[in-house]
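Here is a short note for someone opening this structure for the first time. Please keep the 3D view at hand while reading.

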Amino acid sequence: MSLTTLAVFVVINLVVASSGAMFKPGPWYEGLEKPGWTPPNWAFPVVWSILFFMNAAAGAIVWDAEPAGRGLIFTIYGLSLLLNAGWSALFFGMKRMDLALIEVAGLWLSIAVVAALFAPVSLLAAALLLPYLAWVGVAALLNQQVLQRNAGAARAR
């Protein structure tokens, strides 16, 4: 993996991560009832920073390997990034926990597909996506639990 390729993938992932900065939790989210296992607020930017870097590294590894089907692989990789950015807009921006829950399921599936497509090219790249997949699974469960506990807030938008 070249440093140039890694830098490009880091920048792409930073652009996607900026949706979290544009659509912040704020008072609306703070007022929602959440399950007791909800990670502390400080954990989200720390974990997401690590996961976006791992996602960038995985992408750079596979890009530089120039695999057959690279166009398809990176179309799905790009789709996963768009879905990631879209979740913050739906959940925090539009306060549509219901649509965000559907969207996060698509995000999880897209990451799983990318990992499966990366695996024949680089097991390391695929493995780098597994914590991301797990965290998005936790995020999906948290989304579902918050929606369930705050059905009135979802309708009141």
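This is a predicted model: local features need pLDDT of at least 70, side-chain atom pairs count only at pLDDT 80 or more; totals for chains, interfaces and linings use all residues.

1. **α4 against α5.** Start with helix α4, residues 70-93, and helix α5, residues 97-118. Their axes come within 9 Å and cross at roughly 155°. An angle over 145 degrees counts as roughly antiparallel, so α4 is roughly antiparallel to α5. The crossing of α4 past α5 is left-handed. By class, 19 nonpolar, five polar and one charged residues make up the contact of α4 with α5.

2. **α3 against α4.** Helix α3 covers residues 43-65. Its axis lies 11 Å from that of α4, and the two pack at an angle of about 170°. That angle makes α3 roughly antiparallel to α4. Here, too, the crossing is left-handed. On the α3 side, the contact is made by Trp48, Phe52, Asn55, Ala56, Gly59, Val62 and Trp63. On the α4 side, they meet Arg70, Ile73, Phe74, Tyr77, Leu81 and Asn84. The classes in the contact of α3 with α4 are nine nonpolar, three polar and one charged residues.

3. **α1 against α4.** Helix α1 takes in residues 3-22. The axes of α1 and α4 come within 6 Å and cross at roughly 25°. Angles under 35 degrees count as roughly parallel, so α1 and α4 run roughly parallel to each other. From α1, the contact uses Phe9, Ile12, Asn13, Val16, Ser19 and Gly20. From α4, it uses Phe74, Tyr77, Leu81, Asn84, Ala85 and Ser88. This contact of α1 with α4 has seven nonpolar, five polar and no charged residues.

4. **Aromatic rings.** How many aromatic pairs are there? The count comes to 16 aromatic pairs. One of them joins Trp28 and Phe91, with ring centres 5.7 Å apart and 65° between the planes. The pair is edge-to-face. It links distant parts of the chain, since Trp28 sits in helix α2, residues 26-30, and Phe91 in helix α4, 63 residues apart. Phe91 has 2% relative accessibility, so it counts as buried.

5. **An aromatic cluster.** Which residues form one aromatic cluster? They are Phe9, Trp63, Phe74, Tyr77 and Phe118. Several names return from the points above. Phe9 belongs to the α1 side of the contact with α4. Trp63 belongs to the α3 side of its contact with α4. Phe74 and Tyr77 are among the α4 residues that meet α3, and they also take part in the contact with α1.

6. Glu66 is in the loop between α3 and α4. Is Glu66 buried or exposed? Its relative accessibility is 60%, so Glu66 counts as exposed. Its backbone deserves a look: phi is positive, about 50°, although Glu66 is not a glycine. Val121 is 55 residues from Glu66 in sequence, yet their C-alpha atoms are 8.9 Å apart.

7. Lys95 is in the loop between α4 and α5. Its phi is also positive, near 60°, and Lys95 is a residue other than glycine. At 27% relative accessibility, Lys95 counts as partly exposed.

8. **Leu90.** This residue lies in helix α4. Leaving aside neighbours within four places in sequence, Leu90 is in contact with Lys95, Arg96, Leu99, Ala100 and Glu103. Arg70 is 20 residues from Leu90 in sequence and 30 Å from it in space, C-alpha to C-alpha.

9. **Val136.** With a relative accessible area of 1%, Val136 is buried. What does Val136 touch, not counting residues up to four places away in sequence? It touches Trp48, Val104, Leu107, Trp108 and Ile111. Trp108 is 28 residues from Val136 in sequence, with 6.1 Å between their C-alpha atoms. Trp48 is also one of the α3 residues in the contact with α4.

Key. Residues are numbered from 1 along each chain as its sequence is written. Side-chain values use heavy atoms; hydrogens and water are left out. Axes are lines fitted to C-alpha atoms, for helices over the stretch in contact, and angles run from 0 to 180 degrees between N-to-C directions. Helices (H or I, at least four residues) and strands (E, at least two) are DSSP runs, numbered from the N terminus. Angles under 35 degrees count as roughly parallel, over 145 as roughly antiparallel, 65 to 115 as roughly perpendicular and the rest as oblique. A crossing is left-handed if the near helix is turned anticlockwise from the far one by less than a right angle, and right-handed if clockwise. Ala, Val, Leu, Ile, Met, Phe, Trp, Tyr, Cys and Pro count as nonpolar, Asp, Glu, Lys and Arg as charged, and the others, Gly among them, as polar. Contact means heavy atoms within 4.5 Å. Rings of Phe, Tyr and Trp (its six-membered ring) pair if their centres lie within 6.5 Å; planes under 30 degrees apart count as stacked, over 60 as edge-to-face and the rest as tilted. Buried means under 20% relative accessible area, exposed over 50%, partly exposed in between (1.4 Å probe, protein chains only).
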